[in-house]
Amino acid sequence: MSLQQKIVIKVQINCNKCRSKAMRLVASAEGVDSVAVEGEDKDHLVLVGDGVDPADLTCTLRKKVGHAYIVKVEEVKAKTEPEKPPPVVNAVAVGLPCYSNCPPCPPVVFYEHGCSTPSPYSCPIM
């Protein structure tokens, strides 16, 4: 099982050329899936990846771009879709009362019995 992690590195960025150079360096690192720029001064590089060494990446940025340090490293949790509630059965159409905390009511089914007498009260089977 792979462990995705989110790494935020603050880099001293003086111009757009430095910013694009830093992004290219981070994006070319092994295991990096995505790179984004955040922060008020657009000086935080946020990268998501698997098996990325943040210390090694920070040293590379220091050598090639300028002062850099790790702000935070955290595990990325898998996104799960919230469970959708079951569809609501129209109680008026079914003819039975339905409550929100019980499963949907089954449809009403009437069975014919094989009695030849016209009145259901006089049938010996029932």
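Residues are numbered from 1 along each chain as its sequence is written, and side-chain values use heavy atoms, with hydrogens and water left out. Since the model is predicted, local features need pLDDT of at least 70 and side-chain atom pairs count only at pLDDT 80 or more, while totals for chains, interfaces and linings use all residues.

Strands β2 (residues 32-38) and β3 (residues 44-50) run antiparallel to one another and pair over 6 bridges. Pairing here requires that DSSP finds at least two bridges between the strands; helices (H or I, at least four residues) and strands (E, at least two) are themselves DSSP runs, numbered from the N terminus. One of the bridges joins V37 to L45 in β3. The hairpin has 5 residues between its strands, and G39 takes a positive phi near 105 degrees.

Next comes the core. The largest nonpolar core has 13 residues, and I9, V11, L47 and L61 touch the most other members. At least two core residues come from each of β1 (4-11), α1 (16-28), β3 and α2 (54-64), with β1 giving the most, at 3 residues. Such a core is a set of buried Ala, Val, Leu, Ile, Met, Phe, Trp, Tyr and Cys residues joined through side-chain atoms within 4.5 Å. Buried stands for under 20% relative accessible area, exposed for over 50%, and partly exposed for anything in between (1.4 Å probe, protein chains only). Residues up to four places away in sequence aside, I9 touches a list that includes D43, L47, L61 and Y69, where contact is taken as heavy atoms within 4.5 Å.

D43 itself sits in the loop between β2 and β3. This residue is buried, with a relative accessible area of 9%. Apart from neighbours within four places in sequence, D43 is in contact with I9, K10, V11, I13 and E38.

That brings up the salt bridges, of which the structure holds 2; the criterion is a side-chain nitrogen of Lys or Arg within 4 Å of a carboxyl oxygen of Asp or Glu. In one, the side chains of K10 and D43 meet at 2.9 Å, N to O. Because K10 lies in strand β1 and D43 in the β2-β3 loop, the pair ties together parts that are 33 residues apart in sequence. K10 is partly exposed at 26% relative accessible area, whereas D43 is buried. E74 and K72 also form a salt bridge through their side chains (4.0 Å, N to O). Here E74 is partly exposed, at 35% relative accessibility, and K72 is partly exposed too, at 40%.
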